Amino acid sequence: MKHILIFPASQRHDSINRKLAVWLAQHLIGNVSIDVLESNSVDFPLFNQDLETDSEIIRKIIPVYNRFNTADAIVIVSPEYNGSVSPYLKNSVDWVSRLSRIAPDQYLNPFQEKPLMLASATAGASGGILGLQAARQIFSFLGSVVLAEQLCMPRANAAWDSESNPRDSEFVEWAYHAMNRLLTLTGPSSMSDETFELALASNF
Ligand SMILES: Cc1cc2nc3c(=O)[nH]c(=O)nc-3n(C[C@H](O)[C@H](O)[C@H](O)COP(=O)(O)O)c2cc1C
């Protein structure tokens, strides 16, 4: 069974990105286990290289590092902040990326060669396309295989129906396509054609 880590990259209580992340977690159907990395597990100070060997901070980084490292694939769901990623995403990834630099004998780069899908929900009309460009740059730099397929959900406060599914059927169809591609890249765990059709049908 393949293991997928989903990171909602907002700490906000009513985060629309977390809502999208949870929906993706519920609809990534296949022979996979899902781990949603909630913000109460990520308690890092603002990155400062003078602190990167601080044992108290490293103690907090290691369990989060392990969750990235053991994942076979990663899904990042980030708000767009001023045309870029959330500071929470950048800060978390900067910390997690440092272990393999500080102690390369003990820690591998947890992003290297890993299939990674990007998604964003925004309150406004952009859907986060600029933020995802910035995220693509970061994770490509870190060695991930960033999918061409990405999800942008504009006007996300009003984008959900009463059953907590996206109202936009084209968004749902594209999301299934992107998730299926992620599963295909992750290994022998993609949705069968039949499962894919059934999953899609259940959302319309
Ligand atoms: C500092 C800041 C910058 C923002 N920049 C953008 C932006 O560039 N594009 C956009 O569509 N929304 C922007 N927004 C609005 C966010 O889309 C909105 O606050 C959203 O709810 C954040 O996601 P979350 O609910 O998952 O935390 C910004 C919000 C803040 C607080």
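This is a predicted model: local features need pLDDT of at least 70, side-chain atom pairs count only at pLDDT 80 or more; totals for chains, interfaces and linings use all residues.
Student: Ligand first. How many residues surround the ligand, and which are the closest?

Tutor: The ligand is surrounded by 14 residues. The closest are Ser10, Ser15, Asn17, Pro79 and Thr122.

Student: How does that shell divide into nonpolar, polar and charged?

Tutor: Eight residues of the shell are polar, four are nonpolar and two are charged.

Student: Take Thr122. Where is Thr122 found?

Tutor: In the loop between S4 and H4.

Student: Is Thr122 buried or exposed?

Tutor: Thr122 is buried, because 23 other C-beta atoms lie within 10 Å and the cut-off for buried is 20 or more.

Student: Which residues is Thr122 in contact with, leaving aside neighbours within four places in sequence?

Tutor: Pro79, Glu80, Gly127, Gly128, Pro154 and Ala156.

Student: Now Ser120. What is its place?

Tutor: Ser120 sits in strand S4, residues 115–121. Ser120 is buried, with 29 other C-beta atoms within 10 Å.

Student: What does Ser120 touch, not counting residues up to four places away?

Tutor: The list is Asn17, Val77, Ser78, Pro79, Glu80, Gly127, Gly128, Gly131, Leu132, Cys152 and Met153. Asn17 also belongs to the closest residues around the ligand. So does Pro79.

Student: How far is Ser120 from Leu46?

Tutor: Their C-alpha atoms are separated by 23 Å, and they are 74 residues apart along the chain.

Student: On to helices. What is the reach of H1, first C-alpha to last?

Tutor: H1 covers residues 16–27, which makes 12 residues, and reaches 17 Å. That is close to the 16 Å expected at 1.5 Å a residue.

Student: Which residues in H1 are buried?

Tutor: Ile16, Asn17, Arg18, Lys19, Leu20, Ala21, Trp23 and Leu24.

Student: And what covers the buried residues of H1?

Tutor: The cover includes strands S1 (2–8), S2 (32–36), S3 (73–77), S4 and S5 (145–153). Helix H5 is part of the cover too.

Student: Then H5. Why does its span agree with what a helix should give?

Tutor: H5 runs over residues 169–186, which is 18 residues. At 1.5 Å a residue it should span 26 Å, and its end C-alpha atoms are 26 Å apart, so the two agree.

Student: Which residues of H5 are buried?

Tutor: Ala175, Tyr176, Ala178, Met179, Asn180, Leu182, Leu183 and Thr186.

Student: What follows H5?

Tutor: Gly187, with a positive phi near 140°.

Student: Which residues other than glycine have positive phi? Start with Asn82.

Tutor: Asn82 has phi near 45°. Asn82 lies in the loop between S3 and H3. Asn82 is exposed, because 9 other C-beta atoms lie within 10 Å and the cut-off for exposed is 12 or fewer.

Student: And what is phi of Arg155?

Tutor: Near 45°, again a positive value in a residue other than glycine. Arg155 is in the loop between S5 and H5. Arg155 is partly exposed, with 15 other C-beta atoms within 10 Å.

Student: Helix packing next. At what angle do H2 and H3 pack?

Tutor: H2 (residues 55–70) and H3 (residues 87–102) pack at about 90°, with their axes 10 Å apart. That makes H2 roughly perpendicular to H3.

Student: Which residues meet there?

Tutor: From H2, Ile61, Val64, Tyr65 and Phe68. From H3, Trp95, Val96 and Leu99. The residues of this contact divide into seven nonpolar, no polar and no charged.

Student: Last one, Ser140. Where is Ser140 found?

Tutor: In helix H4, residues 129–141. Ser140 is partly exposed, with 13 other C-beta atoms within 10 Å. From Ser140 to Leu116 the C-alpha distance is 9.4 Å, and the pair is 24 residues apart in sequence.

Terms used. Residues are numbered from 1 along each chain as its sequence is written. A residue is near a molecule or strand if its C-beta atom, placed from the backbone, lies within 6 Å of it. Ala, Val, Leu, Ile, Met, Phe, Trp, Tyr, Cys and Pro count as nonpolar, Asp, Glu, Lys and Arg as charged, and the others, Gly among them, as polar. Helices (H or I, at least four residues) and strands (E, at least two) are DSSP runs, numbered from the N terminus. The expected span of a helix is 1.5 Å times one less than its number of residues. Axes are lines fitted to C-alpha atoms, for helices over the stretch in contact, and angles run from 0 to 180 degrees between N-to-C directions. Angles under 35 degrees count as roughly parallel, over 145 as roughly antiparallel, 65 to 115 as roughly perpendicular and the rest as oblique. Two residues are in contact if their C-beta atoms, placed from the backbone, lie within 7 Å.
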